[in-house]
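This report describes the nonpolar core and the charged pairs of one protein model. The sequence and structure are shown first.

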Amino acid sequence: MPSPPAPPIPSSSTRASASSRRCCAGLPPSSSASAATDRIVELVAAAPPSARLYGANITGGGSGGTVCVLGEASDEAQAAIDAVLDEYASETGRRPYVVS
């Protein structure tokens with residue numbers, strides 16, 4: 001018997017795609033790591049739909065500094081990730097690194 005279809009996804013901020021990217025703020029565990037990761041999530045959320053980024057969330061084992069960003073494997077999404085990294089670096093003086 002086939003599996004039932006998956007329920008609809010409620011919003012674009014919770015949709016996942018074929019690829020994900022994790023942006024790591026490179027900070028030690030602290031309240032500043034939380035603020036830094038929150039800012040990356042905010043920057044991703046502010047990207048327009050054409051950016052092909054579907055959401056971001058802080059992740060990891062409670063040590064802070066890691067954000068998982070979900071988006072398409074496309075040139076548009078890569079350009080949006082680059083823009084997020086550039087803006088974050090401009091604001092903080094720190095350039096996050098990406099593992100994809």
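In this predicted model, Glu87 is found in helix H2. Its relative accessibility is 34%, so Glu87 counts as partly exposed. The C-alpha atoms of Glu87 and Leu43 are separated by 8.1 Å, although the two residues are 44 apart along the chain.

Helix H2 also takes part in the largest nonpolar core, which has 14 residues. The residues with the most contacts inside this core are Ile40, Val44, Leu53, Val69, Ile81, Val84 and Tyr88. Two or more core residues come from each of helix H1 (31-45), strand E3 (66-71) and helix H2 (75-92). H2 gives the most, with six residues. Leaving aside neighbours within four places in sequence, Val84 is in contact with Ile40, Leu43 and Val44. In soluble globular proteins, nonpolar side chains tend to be buried together.

A search of the whole structure finds four salt bridges. Among them are the following.

| Pair | Closest N to O distance |
|---|---|
| Arg39 and Glu91 | 2.7 Å |

Arg39, Glu42 and Glu91 are linked in a network of salt bridges. Within helix H1, Arg39 and Glu42 lie three residues apart, about one turn of the helix. The pair of Arg39 in helix H1 and Glu91 in helix H2 ties together parts that are 52 residues apart in sequence. Arg39 has a relative accessibility of 27% and therefore counts as partly exposed. Glu42, at 44%, is partly exposed, and Glu91 is partly exposed at 37%. In the remaining pair of the table, Arg95 is partly exposed at 46%, and Asp86 is partly exposed at 44%.

Terms used
Residues numbered from 1 in each chain as written. Predicted model: local features only at pLDDT ≥ 70, side-chain atom pairs only at ≥ 80, totals over all residues. Heavy atoms only, no water. Core = buried A, V, L, I, M, F, W, Y, C linked by side-chain atoms within 4.5 Å. Buried < 20%, exposed > 50% of the residue type's maximum accessible area, 1.4 Å probe, protein only. Helix = DSSP H or I, 4+ residues; strand = E, 2+ residues; numbered from the N terminus. Contact = heavy atoms within 4.5 Å. Salt bridge = Lys/Arg side-chain N within 4 Å of Asp/Glu carboxyl O.
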